[in-house]
Amino acid sequence: MKYLSDISKTHIDTIRCAMNDVQHEYEPDKTLQLRVYSISQRLSENPSMYQLSSEELDIVCMCLNDSLSILDEIRGELDAEELLDSQHYSEEIQRILSLLQRN
């Protein structure tokens, strides 16, 4: 992936999953929690990153970073199969995050 247009529906699903995974982490800031939910919902209705403002893309990047942190924290609790799945998921999030940070 080199361009924002390279982000597919599958990538959007990964982004939404990561956003949903970390949404509860933002409970102290209800406004942020609602923004994360709203962005995730908009991506489900229209799987295009071009609809997001730069501020919203920053929120997506924050969620992806937080998701990676959570994955790192729980790795010790996972069995071999779950560990492999989490590694693939983590690598996909890192690829997406790398692309978003370049744009």
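Tutor: Residues are numbered from 1 along each chain as its sequence is written, and side-chain values use heavy atoms, with hydrogens and water left out. Because the model is predicted, local features need pLDDT of at least 70 and side-chain atom pairs count only at pLDDT 80 or more, while totals for chains, interfaces and linings use all residues.

Student: Thanks! What makes the pattern of this protein α-α-α-α?

Tutor: The protein has four helices and zero strands, and reading along the sequence gives α-α-α-α. Helices here are DSSP runs of H or I with at least four residues, strands are runs of E with at least two, and both are numbered from the N terminus.

Student: How do you know whether the length of α1 fits a helix?

Tutor: The expected span is 1.5 Å times one less than the number of residues. With 14 residues, α1 should span 20 Å, and its end C-alpha atoms are 20 Å apart, so the value agrees. Helix α3, residues 54–74, has 21 residues and reaches 30 Å from its first C-alpha to its last, close to the 30 Å expected.

Student: Why is Ser40 called buried?

Tutor: Buried means under 20% relative accessible area (exposed is over 50%, partly exposed is in between, with a 1.4 Å probe and protein chains only). Ser40 has a relative accessible area of 0%, so Ser40 is buried. Ser40 sits in helix α2 and touches Arg16, Met19 and Asn20, setting aside residues up to four places away in sequence. Touching, or contact, means heavy atoms within 4.5 Å.

Student: Why is Leu52 called buried?

Tutor: Its relative accessible area is 8%, so Leu52 is buried. Leu52 lies in the loop between α2 and α3. Beyond its neighbours within four places in sequence, Leu52 is in contact with Ile39, Arg42, Leu43, Leu57 and Val60.

Student: And what makes Leu71 buried?

Tutor: Leu71 has a relative accessible area of 9%, so the term applies to Leu71 too. This residue of helix α3 touches Ser86, Tyr89, Ser90 and Ile93, not counting residues up to four places away in sequence.

Student: Which helices do the buried residues of α3 pack against?

Tutor: They pack against α1 (9–22), α2 (30–45) and α4 (80–102). The buried residues of α3 include Leu57, Val60, Leu64 and Leu71. In α1, the buried residues include Ile12, Ile15, Met19 and Val22, and those of α1 pack against α2, α3 and α4. Across the protein, buried residues make up 38% of the 103 residues.

Student: How many side chains are called positive, and how many negative?

Tutor: Lys and Arg count as positive, Asp and Glu as negative, and His and the chain ends are not counted. The protein has 9 positive and 20 negative side chains, with the centres of the two sets 8 Å apart.

Methods: Charge placed at Lys NZ, Arg CZ, Asp CG, Glu CD.
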